[in-house]
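This report examines a protein model through its pocket, its strand pairing and its salt bridges. The sequence and the structure are shown first.

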Amino acid sequence: IEGNKGLVETTSGLSYEVNLVPSIISKSILGKTIDIYTQLIVREDSQTLYGFANKEESDLFKLLLSISGIGPKVSFGIISFSKTEQLLKAVKLNDLEYFTRIPGLGRKTALKLIVELSSKFDSEFSMSNIYMSEDDRLIVDALVSLGFKSNEAKKILSETPKNLSVEERIKKGIQLGTSKKK
């Protein structure tokens, strides 16, 4: 193993250089038998193998590749950085910050990923969930500090009337949130 590349020997004795996700490398696999899911990417000047710990990661890799402008290196980086469940949750919550923390992803690419993946996952995409005003952020932060989960707070925010003051919207949000919990 060198970096994220590993030399994987098959049972027939043939060895392949494979880009491995960190979850495989962290298992101290040297000299051990492992099962990995691979994807071969063929380009004019190269053939590259990507190795994944499970079928979900492999399927997600293929899904990410289906988005125009997202290549194998970026897709592999996204999968290496996050668990599949976290990624799906971030798409459903339209969590732009989550995607921009992934190395190699800028704001535009992250936004494109959310839009594209939302349609593929039949998730509801909303620009208002991505771009919140300072007041909206303040309200969500207040609700979160009062014990609501971030996604609950964003949903409650969308149900509060926009014509109220920040304080009134927080109070209304608390009322809406506590009535839903009953």
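**The largest pocket and its lining**

The model is predicted. By residue class, the lining comprises eleven nonpolar, six polar and three charged residues. Strand S1 (5–9) and strand S2 (15–20) each contribute at least two residues to the lining. S1 provides the largest share, with four residues.

**Pairing of the strands**

The two strands named above are also paired with each other: S1 and S2 run antiparallel and are joined by five bridges. Within this arrangement, Glu9 stands opposite Ser15 of S2.

**Salt bridges**

Side chains of opposite charge can pair when their charged atoms come close. Across the whole structure, five salt bridges are found. Three of them are set out below.

| Salt bridge | N to O distance | Location |
|---|---|---|
| Asp59 and Lys62 | 3.9 Å | both in helix H2 (residues 55–65) |
| Asp136 and Lys162 | 3.9 Å | helix H8 (residues 134–145); loop between helix H9 (150–159) and helix H10 (166–181) |
| Asp136 and Arg169 | 3.0 Å | helix H8; helix H10 |

The pair Asp59 and Lys62 lies within H2, with the two residues three apart, about one turn of the helix. Asp59 is partly exposed, with a relative accessible area of 34%, and Lys62 is likewise partly exposed, at 42%. Both residues also belong to a network of salt bridges that includes Lys55.

Asp136 takes part in two salt bridges, one with Lys162 and one with Arg169. Each links distant parts of the chain: Lys162 is 26 residues from Asp136, and Arg169 is 33 residues from Asp136.

Is each of these side chains buried or exposed? Asp136 has a relative accessible area of 10% and is therefore buried, the cut-off for that class being under 20%. Arg169 also counts as buried, because its relative accessibility is 5%. Lys162, by contrast, is exposed, with a relative accessible area of 57%. The bridge between Asp136 and Arg169 accordingly joins a buried Asp136 to a buried Arg169, whereas the bridge between Asp136 and Lys162 joins the buried Asp136 to an exposed Lys162.

Note on methods: Residues are numbered from 1 along each chain as its sequence is written. This is a predicted model: local features need pLDDT of at least 70, side-chain atom pairs count only at pLDDT 80 or more; totals for chains, interfaces and linings use all residues. Side-chain values use heavy atoms; hydrogens and water are left out. Ala, Val, Leu, Ile, Met, Phe, Trp, Tyr, Cys and Pro count as nonpolar, Asp, Glu, Lys and Arg as charged, and the others, Gly among them, as polar. Two strands pair if DSSP finds at least two bridges between them. A salt bridge is a side-chain nitrogen of Lys or Arg within 4 Å of a carboxyl oxygen of Asp or Glu. Buried means under 20% relative accessible area, exposed over 50%, partly exposed in between (1.4 Å probe, protein chains only).
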